[in-house]
2 protein chains.
Amino acid sequence: MHFLTYGKGQMVTIYDVAKRAGVSPATVSRVFGGQTPVTANRAAAVQAAAAELGFVPNRNARRLRTSSSEIIAMMVPDIANPFYMLLTRAVEDVARAAGYSVMLCNTDEDPAREQEYLRVAASEPVAGIIITPGAGTDLGWALTRGVPVVCVDRHPPRRVTDAVVVDNTESAAAATRRLYEAGYHQLACITGPDTIETSNARLGGFATVVRSVTGAEPDPALILRARYVLDADGERAAAQLMALPDPPDAIFAANNRLATGTLRALHRLGLLPPAVGLVSFGGPPSVLFTPPGVVVTYLPTRDIGTTAAHMLLERIAGLDIPPRSVTLPVAMEDPAGDNQQW
Amino acid sequence: MHFLTYGKGQMVTIYDVAKRAGVSPATVSRVFGGQTPVTANRAAAVQAAAAELGFVPNRNARRLRTSSSEIIAMMVPDIANPFYMLLTRAVEDVARAAGYSVMLCNTDEDPAREQEYLRVAASEPVAGIIITPGAGTDLGWALTRGVPVVCVDRHPPRRVTDAVVVDNTESAAAATRRLYEAGYHQLACITGPDTIETSNARLGGFATVVRSVTGAEPDPALILRARYVLDADGERAAAQLMALPDPPDAIFAANNRLATGTLRALHRLGLLPPAVGLVSFGGPPSVLFTPPGVVVTYLPTRDIGTTAAHMLLERIAGLDIPPRSVTLPVAMEDPAGDNQQW
DNA sequence: TAGGCTCATGAAATCGATTTCAAAGGAGGC
DNA sequence: GCCTCCTTTGAAATCGATTTCATGAGCCTA
């Protein structure tokens, strides 16, 4: 007796359809997406037979023969992070429209897991890969095999593939300038791990402006690193900064999670902006109303995803030019549209 | 001249490996996950040859022959929604550990797109499907073909498959009771579209308690429907409620997006909780600090995902028993762990 | 040493769709 | 009416891994 499995699928093949329609398997194949034309009434007969039998072409057989695939591997650190989530959504939208499916791969910034997934991608084999590379990412497998790769958010090791990134350094600098323009003068920075390109770039932009304004190196005590993903880390770092004998009067938070934590800490101290200045890089903090005095920069998240997907599709289609690197601008005003993280 | 495509992969096959190792293709196949044992030194020779040639087995060929697959289709309304995002993450974790990959499918509650994806899943064919079914979901394709399906968050049309849901009605009732216990007496409800099972169930729990306390049907003017996914809709609905001649003194928001919007509206009116009571169902609203007086219920999101994944794996392994329905409890206290939406 | 057994091994068929190649059919020109 | 040319069609090979079946090697026992 069977319960859930109504009919343990004895696959309907093109041979079945061919027999029923009174044509050859080759003709059936041609009706379903073949290049060669088929006479109208024959095609109709095939369609009818296929419909009656509930025929669905087997993609594995198709892929084996054509050694092509309609799967794109999306390899990101953590899909449970709004940034990568939106990125993935954007990629999926473009992919679906082009007839591709998206395979989801969470790497958790773990090189071993990344390699494991690259192996899966190679043996699949997938049509292409969109990846946020980590510090030690080795794309060798994919490249020697000729599988197109586009990197997002960070550059690949030796810039060997296409990449879509944002202008972290310049926009971090611009946001930092705003703090000075608003009258703050003792600036601190809470950024991410030094293994991550974006956290270094944002710190770099911050430091450059501090240097040019003060004429000196930023005070090391005012530069903290925290995990990128936890509000709590930002809160702890901010509390530490404000407990200094000579605390900062403004904080540059290298992403909105850190900014949220910072706001929590400032709220606890009764020093919400504009009492203390704040930059929330990459989207607003998760607060009911962003207090005045907070400088927010907005990442073009959705654009990154769609751009990367389009670039990958071009490569899949055979585009053979040197690696491209697209840098998208970071907005200082709310784009009030698709790019919002919330 | 080639740029990105270093070696347009002329696939390395088991025949190449066999020749190099001086054995038959069958032996190579057996070394890579075959059942039959292979002599140790032969196996070593094959491993060596495979490593030298950079051999990776072709999954399409494997799947074609075995008509199996290691792909799970995850079909959710919108991955850019924290609930489904976390759900997907949990599924991916379990799937990966079991050697499966996850194919991502956003249905956007669109029956046409859902059908399209079910077709893809059928022609893949995938090993199993985890889906949040919509109002008119037709799982016929998958079922007649014997592809295991597990529904999450909502039940399938005639309960024909396994399902993992939460106890919406009962926990909505419990949360509503809390409002009365806190002294509120004029309760309103903002819920989702009537096409979605959970929004009706939550409204149902709410209404039951109102009925039992007041002895009368809830006032229709105090029950509003809004899109589930937009803060703005919740804000508009809350504003509308508060503008009534006889406004409610507490609002039951059927999810945290709606609760966030409600808080925005209440803040604008200077009536933040506890001035007006609030239930935020399914996680805290996205606010810096949840004001006192807000009743929050927490969905066991991660548990839903892992439970569903395990159930699916059981079905894939051949478990043949009647459809199961697992109802997970909704917590009234912050589980402070993996289940957080953030 | 011979007989009987187990077990590793290879040859070949197989999964289902695509595609090459050659043949059949049809249209058009003279 | 016949020949040429172009188009549609089918037979059969193919993609790469798995698996059945039969063979041969090795081992133990009598």
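Apart from neighbours within four places in sequence, A:Val12 is in contact with A:Leu53, A:Gly54 and A:Phe55, two residues being in contact if their C-beta atoms, placed from the backbone, lie within 7 Å. The model is predicted: local features need pLDDT of at least 70, side-chain atom pairs count only at pLDDT 80 or more, and totals for chains, interfaces and linings use all residues. Residues are numbered from 1 along each chain as its sequence is written, while chains are lettered from A and ligands numbered from 1 in the order in which they are written.

A:Val12 belongs to the segment before α1 (14–21) of chain A. Helices (H or I, at least four residues) and strands (E, at least two) are DSSP runs, numbered from the N terminus. A:Val12 is partly exposed because 19 other C-beta atoms lie within 10 Å; a residue is buried if 20 or more other C-beta atoms lie within 10 Å of its own, exposed if 12 or fewer, and partly exposed in between, with C-beta atoms placed from the backbone. The C-alpha atoms of A:Val12 and A:Asn58 are 9.0 Å apart, although 46 residues separate the two in sequence.

Helix α9 of chain A (residues 197–214) has 18 residues. From first C-alpha to last, α9(A) reaches 26 Å, close to the expected 26 Å, where the expected span is 1.5 Å times one less than the number of residues. Its buried residues include A:Leu203, A:Phe206, A:Val209 and A:Val210. Among the elements covering the buried residues of α9(A) are α8 (168–181), β6 (187–191), β7 (223–225) and β8 (250–253) of chain A. A:Gly215, with a positive phi near 75°, follows α9(A).

DNA strand C is surrounded by 30 residues, of which A:Thr13, A:Ala26, A:Ser29, A:Ala61 and B:Ser24 are the closest; a residue is near a strand or molecule if its C-beta atom, placed from the backbone, lies within 6 Å of it. Two or more residues each come from α2 (25–31) and α4 (59–66) of chain A and from α2 (25–31) and α4 (59–66) of chain B. The most, 5 residues, come from α4(A).

Around DNA strand D there are 30 residues, and A:Ser24, A:Thr39, B:Thr13, B:Ala26 and B:Ala61 come nearest. Here too α2 and α4 of chain A and α2 and α4 of chain B give two or more residues.
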